[in-house]
Amino acid sequence: HARTVRLQTASHPKVPLPKAPQALPDFDPAAITHLLEDLDDPEGVILLDLESSFHVQAITKVAEVGTRLAAGDLAGVAIKAHELKGPSLTLGLAAFAGAAAGLEKAANAGDRALCEQYAADLPELYARASTALAQRIHG
């Protein structure tokens with residue numbers, strides 16, 4: 001097994017992990033193209049259902065992340081982050097999926113401070129992802 005080494009200095013006892021969402025685009029149009037091909041849905045009917053379902057679930061799960069984080073339930077945060085990550089990747093919402101992945105990893109590592117950073121970014125990233133997705137689907 002590979003060992004993870006955490007750098008420590010006198011002034012910075014814990015070097016935070018870089019925040020992946022900053023480097024990722026809000027939306028990856030290739031993901032939708034592939035999804036439409038995989039679904040054999042050239043008219044995008046199934047895609048509209050997926051978009052609608054994603055919005056309902058994402059809003060709920062982002063709220064649940066905040067609730068679980070406030071309660072100190074990092075295992076619950078990891079579960080909700082994982083549940084956000086999959087559909088986001090499917091729909092090409094790269095930055096939002098990256099934040100969810102980072103949140104899941106931080107929660108699994110027990111890093112509450114980093115979880116709080118990722119969780120704070122989720123609402124804005126969700127809004128940007130929603131806008132980008134809607135522009136692609138609805139024109």
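Me: Is serine 88 buried or exposed?
Reply: This is a predicted model: local features need pLDDT of at least 70, side-chain atom pairs count only at pLDDT 80 or more, and totals for chains, interfaces and linings use all residues. Residues are numbered from 1 along each chain as its sequence is written, and side-chain values use heavy atoms, with hydrogens and water left out. Buried means under 20% relative accessible area, exposed over 50%, and partly exposed in between (1.4 Å probe, protein chains only). The relative accessible area of serine 88 is 0%, so serine 88 is buried.

Me: Which residues does serine 88 touch, not counting residues up to four places away in sequence?
Reply: Serine 88 sits in helix α3. Helices (H or I, at least four residues) and strands (E, at least two) are DSSP runs, numbered from the N terminus. Contact means heavy atoms within 4.5 Å. With residues up to four places away set aside, serine 88 touches Phe54, Leu93, Phe96 and Ala97.

Me: How many helices does the secondary structure of the chain come to?
Reply: From the N terminus on, the elements run α-α-α-α-α. There are zero strands, and the helices come to five.

Me: Where does α5 bend?
Reply: The bend at a residue is the angle between axes fitted to the seven residues ending there and the seven starting there. In α5 this angle is about 35°, and proline 123 follows within four residues of the bend. The place is leucine 122.

Me: Which helices do the buried residues of α5 pack against?
Reply: Several residues of α5 are buried, including Leu114, Tyr118, Leu122 and Leu125. Their packing partners are α1, α2, α3 and α4.

Me: Is aspartate 40 buried or exposed?
Reply: Aspartate 40 lies in the loop between α1 (29-39) and α2 (45-70). Its phi is positive, about 50°, although aspartate 40 is not a glycine. Its relative accessibility is 66%, so aspartate 40 counts as exposed.
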